[in-house]
Amino acid sequence: MNSARISGIRWRLIALAVGAVVGVLVGLGNIGVSIDRALRSVAWELRSQPASGSVHVVEVDARSIAAIPQWPWPRSNYVKVVDQLRRAGAATIAFDIDFSSPSTAAEDTAFADALKRSRGQVVLPTFGQTASGASDGWRDAVPIPALRAHSTLAAVSILPDPDGYVRHAPMGTITKGMARPSFSALLSGRSGSAGQHFPIDFSIDPATVPRHSFIDIRDGRFAPGSLKGKTILIGATAVELGDRYAVPNHGVIAGVVIQALGVETLIRGVPREAGWLLPLLLALALAVPILVVRSRKDLVAAIVAIPIILFAVAVLIDHAAGWSFPLAPAWAALGTISTAALAVRWLNAAHRRRGIDRESGLPNRIALREDMRERQAPGIAAARIADFEKLGAGLNDQAMVDLIHRVRDRIATTMGSERIFRIEDRVLAWRVADEEALEPSLLRLRSLMLTPVEVAGRRVDVTLAFGFVRTCESEGTERAIAQAVLAADRAQNDGVDWYAHQQDDHDVVERELSLLGELDVAIGGGEIDVHYQPKLDLKRGVVTSVEALVRWHHPTRGFLRPDLFIPLAERNNRIAALTLHVVERMIMDLRTWQAAGHRIAGAANISAKLLSSGEFLGQLRALIQESGFEPERLIFEVTETAAVSDPVQAARALESFRELGVAISMDDYGTGQSTLSYLKELPLSELKIDRSFVQSAHEDRGDAALVRSTVHLAHELGLRVVAEGVEDAACLAFLRSVGCDLAQGYHIGRPMPVGALADFLDDHAASRREARALSASG
């Protein structure tokens with residue numbers, strides 16, 4: 001498997017395994033209880049159904065309490081209700097009212113007689129309750145003996161979950177040492193054991209349970225026959241009596257209504273709460289499409305649909321068979337697998353983007369390196385487009401892209417190569433499978449190129465110079481690519497059709513190529529360091545920014561001066577990676593200093609060559625945006641020569657960074673041939689006066705005049721001015737006198753590593769505080 005791209009079945013098996021482990025951990029740790037409760041509530045909403053109508057509630061409501069103001073009520077009221085219900089043909093009459101304490105002898109006798117007349121139709125409650133007089137603070141309440149003789153006893157205990165919600169009801173409990181069925185089990189005719197619980201089905205709408213006011217039943221104000229054969233539950237619903245509990249989906253409802261929902265639940269069957277293992281296994285099976293689909297649209301559809309399907313299956317099973325399954329472990333596994341699938345797809349897409357030239361859409365140098373690693377071929381051929389700058393000056397951007405594609409098509413047709421790589425803006429390359437056929441093929445291609453290329457309605461002459469290198473003669477893919485490009489350069493310089501890289505050429509380019517090859521390793525291996533030179537704000541007397549200066553600590557050559565490797569990097573397309581490394585490191589160091597209390601800006605040099613590289617500019621913008629760092633604290637320095645050579649391109653590139661908030665500085669101002677029009681057209685924030693004019697400005701009248709006029713001009717244009725090369729106090733004083741904004745040089749501070757600069761900033765801040773203290777005391 002290619003190490004740069006995640007593919008094959010290995011990651012899919014790993015994703016399934018990790019998903020399974022996550023699901024098991026969620027299941028064993030009860031981590032997803034809240035998720036399962038939320039899903040259960042949604043399922044109840046989807047399955048919302050009315051009560052069967054076979055269970056009626058006779059409620060002790062506010063109207064009944066108002067009609068019978070004495071509480072507890074005289075038991076003669078219950079006598080009348082029992083007789084009324086018995087005559088109405090009620091099947092069972094169950095009281096959720098406490099009869100564990102005696103009333104008057106007459107009232108108790110009358111109620112006992114009514115129970116006797118009912119011939120076992122009446123169910124009275126038993127329950128546990130707190131009692132301060134009991135040794136353990138708890139006592140079992142049962143009806144007084146006189147009432148127990150002609151009634152059935154059943155438990156009405158309700159125990160909420162730790163969060164205060166009632167979700168379950170018992171099948172039976174033990175009171176007074178005897179196992180008793182619960183109201184739900186007894187009234188529904190279901191059997192169970194003491195201590196066994198079942199989940200209440202809250203898809204049943206409690207508002208659909210038929211209700212009757214106690215006072216209306218007592219006084220006979222109800223339709224004859226409406227209660228015949230019904231199970232009657234009598235209990236308190238009045239808020240003032242306090243028998244109310246929180247339940248899922250329906251808020252706070254009366255205890256007697258919860259008892260009714262328990263009966264309704266068991267009438268439909270005894271529900272079971274099954275384990276999480278079966279849904280987890282089903283989820284792992286259903287996750288296969290997530291791992292194998294190819295299109296992004298199908299992946300998103302699978303990620304969304306599969307958890308819904310799993311949920312729908314669970315809802316249907318619950319509705320049909322009364323089995324409920326915790327889904328949190330299964331959903332956790334699906335979420336883990338989906339995240340892995342999205343991450344792999346994103347990484348593969350990012351890998352593909354890295355291998356595509358952003359301007360032309362052709363595979364780039366990175367793609368060629370990968371292709372060389374994946375398959376063997378005798379060599380690499382490179383075609384350099386001559387007079388590329390002249391072509392670019394005569395064609396717009398889209399026409400240049402079309403030109404590259406036309407040239408690419410001719411190469412592919414002649415050479416029989418499927419993939420043509422754009423490894424530099426003006427160089428196309430391809431793998432050579434048959435070295436013997438290369439020379440005649442190149443001659444045919446050169447003849448074909450004598451025919452102008454039609455692009456943007458114009459016929460454009462394009463000349464190619466070809467180079468070739470045998471990959472077996474090179475050490476590493478990048479060296480082979482570089483040698484192919486150098487061979488094409490040699491062909492163009494020598495005026496020949498093509499040139500094959502020779503072993504003897506190593507003696508000429510060995511030093512540069514070895515250094516060039518080491519530069520990539522140096523960037524990733526920590527050999528490239530960044531030093532910082534402070535810039536002093538002359539008005540405030542504080543260091544407000546620094547310039548990042550690259551240093552290479554070579555493991556065998558020691559410290560290398562920038563002028564030894566930066567031009568090499570520019571010539572060989574390494575300057576982009578080096579610049580991105582410096583900017584990334586500078587952002588990290590600026591954050592470090594800010595955490596230490598030093599909020600300063602940082603400046604980095606941008607090579608002239610990079611201003612025309614759309615790929616680099618895009619990578620630099622992405623780096624800034626993805627870092628989350630404040631762009632307003634970044635400064636990009638470009639040389640005057642770079643800006644003047646192509647002001648239109650420079651303005652377009654730099655404006656995109658100004659829009660982000662990055663400041664643009666013209667470096668080495670005064671050494672080129674800039675004009676006022678360039679300063680007006682470029683999106684500049686500051687000018688840096690070259691050290692050659694600053695160092696003697698306090699002594700040389702000509703230099704002083706140039707510095708003074710530059711400061712004045714810059715301020716008129718709304719630009720700040722940085723003077724570099726300040727090496728003594730007199731020069732610094734002169735710059736203050738002419739209104740220069742910032743100064744940089746050895747007198748302020750030499751370039752120093754990140755840690756030394758932190759100490760420098762601390763010392764500078766301490767000196768300023770000491771100076772202010774002395775001034776205040778004076």
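**Figure 1. An aromatic cluster and a cis peptide bond in the predicted model.** In this predicted model, a single aromatic cluster is made up of Trp71, Trp73, Tyr78, Phe95, Phe99, Phe111 and Phe214. One of its members, tryptophan 71, is joined to proline 72 by a cis peptide bond, with omega about 0°. Most peptide bonds are trans. Proline 72 belongs to the loop that runs between helix 3 (62–67) and helix 4.

Figure 2. Strand 1 covers residues 55–60 and contains glutamate 59. The relative accessible area of glutamate 59 is 12%, so the residue counts as buried. When residues up to four places away in sequence are not counted, glutamate 59 touches Ser64, Arg211, His212, Ser213, Phe214, Gly235 and Thr237. Among these contacts of glutamate 59 is Phe214, which is also part of the aromatic cluster with Trp71 and Trp73.

**Figure 3. Aspartate 83 in helix 4.** Helix 4 spans residues 76–88 and includes aspartate 83. Aspartate 83 is buried, at 10% relative accessibility. Its side chain makes a polar contact of 3.3 Å with the side chain of arginine 86.

Figure 4. The model has 14 aromatic pairs. Tyrosine 532 and tryptophan 593 are both buried. Tryptophan 552 and phenylalanine 565 also form an edge-to-face pair, at 5.3 Å centre to centre and 85° between the planes. Here the pair links strand 24 (residues 542–554), which holds tryptophan 552, with helix 20 (residues 562–571), which holds phenylalanine 565; the two residues are 13 residues apart. Tryptophan 552 is buried at a relative accessible area of 0%, and phenylalanine 565 is buried at 1% relative accessibility.

**Figure 5. Arginine side chains over aromatic rings.** Arginine 621 lies over the face of phenylalanine 657, 5.8 Å from the ring centre. In a second case, the charged end of arginine 750 sits over the ring of tyrosine 746, at 4.0 Å from the centre of that ring.

**Figure 6. Helix 14 and its packing partners.** Helix 14 (residues 365–374) has 10 residues, of which seven are buried, so the helix is largely enclosed by the rest of the structure. The buried residues are Arg365, Ile366, Ala367, Leu368, Glu370, Asp371 and Met372. They pack against helix 13 (328–354), helix 18 (477–494), strand 16 (379–385), strand 17 (421–424) and strand 18 (427–432). At the start of helix 14, the backbone nitrogen of isoleucine 366 has a side-chain oxygen of asparagine 364 within 3.1 Å.

**Figure 7. Crossing of helix 16 and helix 17.** The axes of helix 16 (residues 397–415) and helix 17 (residues 438–448) are 9 Å apart, and the two helices pack at an angle of about 140°. Their crossing is right-handed. Helix 16 contributes Arg410, Ile411, Thr414 and Met415 to the contact, and these meet Leu438, Ser441, Leu442, Arg444, Leu445 and Leu448 of helix 17.

**Figure 8. Lysine 609 in a loop.** The loop between strand 26 (601–605) and helix 22 (614–627) contains lysine 609. Lysine 609 is partly exposed, with a relative accessible area of 34%. The C-alpha atoms of lysine 609 and isoleucine 575 are 8.5 Å apart in space, although these residues are separated by 34 residues in sequence. Beyond its neighbours within four places in sequence, lysine 609 is in contact with Glu570, Arg571 and Asn573.

**Figure 9. Two loop residues with positive phi.** Most residues other than glycine have a negative phi. Asparagine 249 has a positive phi, near 75°. Asparagine 249 is in the loop between strand 12 (244–247) and strand 13 (251–254), and it is partly exposed at 29% relative accessibility. Aspartate 387 likewise has a positive phi, near 55°, and is found in the loop between strand 16 and helix 15 (388–394).

Definitions and conventions: Residues are numbered from 1 along each chain as its sequence is written. This is a predicted model: local features need pLDDT of at least 70, side-chain atom pairs count only at pLDDT 80 or more; totals for chains, interfaces and linings use all residues. Side-chain values use heavy atoms; hydrogens and water are left out. Helices (H or I, at least four residues) and strands (E, at least two) are DSSP runs, numbered from the N terminus. Buried means under 20% relative accessible area, exposed over 50%, partly exposed in between (1.4 Å probe, protein chains only). A polar contact is a pair of N or O atoms within 3.5 Å; within protein, one must be able to donate a hydrogen and the other to accept it, and residues adjacent in sequence count only if both atoms are side-chain atoms. Rings of Phe, Tyr and Trp (its six-membered ring) pair if their centres lie within 6.5 Å; planes under 30 degrees apart count as stacked, over 60 as edge-to-face and the rest as tilted. A charge sits over a ring if NZ of Lys or CZ of Arg is within 6 Å of the ring centre and within 35 degrees of the ring normal. Contact means heavy atoms within 4.5 Å. Axes are lines fitted to C-alpha atoms, for helices over the stretch in contact, and angles run from 0 to 180 degrees between N-to-C directions. A crossing is left-handed if the near helix is turned anticlockwise from the far one by less than a right angle, and right-handed if clockwise.
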